[in-house]
Amino acid sequence: MIERHADEIRKQGYTLMPGLVLPERLAQLRSALDAVHAAEADVPRQRAEPGCLRGYNLIRRHSLFREALQQPEIVGLAEALLGKDCILHSFESRSALPLGGTQSLHRDMPWVPNTPLSVNVVWMLDDFTEENGATRVVPGSHLRVEGPERDRVYPDEVLAVAPAGTLLAFTSHTWHGGGPNRTDRLRRAFHVHYCRNWLKPQRDHPRSLDAAALAGATPLFLRLAGFHSQMEFEPELNQHQRLPVPPAVEPSGTPA
Ligand SMILES: O=C(O)CCC(=O)C(=O)O
């Protein structure tokens, strides 16, 4: 199953994986995300994109998100495309508010021949429909050298319309963007973005996780969070003692 989806991504740039999130888990994830959106309503970055609610660094926020990161089918897909040592780049929510959500088509990272740098997985917590801002993707765009023009609507873009619980995965090469939400309800989703092991992730995950978040961490979680992708410490070469890791710095009201 993983190979079929990986092949689809190699051929058309994206794939839809329905039914991977069971209804009970979906309800729990919605509640967890609603709580983040409510708790961080006043964080300036959450309001950085008008028309959307954003949640940042979600692996800090709830064990359910830390579990989602490790969903075996998705990790398998990311590994098939990025290597067995791939790590987490970022884990954020982007929920389209009523009458919001429109986003220019874009690539998540620069285009490198035959080498996607990342795989982004959109977890649809609500049905994605034509009306409520389903993600737009352009089939085959992952093979084009050039990127999309800002604010341009391309005739070959398609909507990732699918029921809640479906995961949409695409690579850093694939043109994609949020669609307009013309309904009166929030369209919730979060994005688990995996990248190659040698890239610098968007967040400093190892230093953003406190003891509670790390309690019971699996080896897979530690790898994905990037604990093993940092430079190895070699006291005999560095000629000094390892310094204590400073606690995560969190200016008041601005979660890392
Ligand atoms: O919300 C969506 O449907 C897509 C969002 C997206 O592509 C992004 O934020 O980079």
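Predicted model: local features only at pLDDT ≥ 70, side-chain atom pairs only at ≥ 80, totals over all residues.

Trainee: Let's start with the ligand. Which residues surround the ligand?

Mentor: R94, Q103, T135, H176, G177, G178 and A189 do; a residue is near a molecule if its C-beta atom, placed from the backbone, lies within 6 Å of it.

Trainee: How does that shell divide into nonpolar, polar and charged?

Mentor: There are 1 nonpolar, 5 polar and 1 charged. Ala, Val, Leu, Ile, Met, Phe, Trp, Tyr, Cys and Pro count as nonpolar, Asp, Glu, Lys and Arg as charged, and the others, Gly among them, as polar.

Trainee: R94 is on that list. What is the bridge partner of R94?

Mentor: R54 pairs with R94, which belongs to β3. Strand β2, residues 52-55, runs antiparallel to β3, with 4 bridges joining them. Two strands pair if DSSP finds at least two bridges between them, and strands are DSSP runs (E, at least two residues; helices are H or I, at least four), numbered from the N terminus.

Trainee: And how many bridges link β3 and β9?

Mentor: 6, again in the antiparallel sense.

Trainee: Is β3 largely enclosed or open?

Mentor: Largely enclosed by the rest of the structure, because 9 of its 10 residues are buried. Buried means 20 or more other C-beta atoms within 10 Å of a residue's own, exposed means 12 or fewer, and partly exposed is in between, with C-beta atoms placed from the backbone.

Trainee: Switching topic: what order do the strands take in the open sheet with β5?

Mentor: The order is β6-β5-β8, 3 strands with antiparallel pairing. β6 (158-159) and β8 (176-177) stand at the edges with a single partner strand each, so one side of each has no neighbour in the sheet. Strand β5, residues 136-137, is joined to β8 by 2 bridges, and R136 stands opposite G177.

Trainee: What about G179, buried or exposed?

Mentor: Buried, with 23 other C-beta atoms within 10 Å. G179 lies in the loop between β8 and β9 (189-195). Leaving aside neighbours within four places in sequence, the contacts of G179 include G101, T102, T135 and R136; contact means C-beta atoms, placed from the backbone, within 7 Å. G179 and N132 are 47 residues apart in sequence, yet 7.6 Å apart in space, C-alpha to C-alpha.

Trainee: Last one: which residues have the most contacts inside the largest nonpolar core?

Mentor: L69, A78, W123, M124, A169 and Y194, in a core of 49 residues. Such a core is a set of buried Ala, Val, Leu, Ile, Met, Phe, Trp, Tyr and Cys residues joined through C-beta atoms within 7 Å. Helix α4, residues 72-82, supplies the largest share, 6 residues.

Methods:
Residues numbered from 1 in each chain as written. Contact = placed C-beta atoms within 7 Å.
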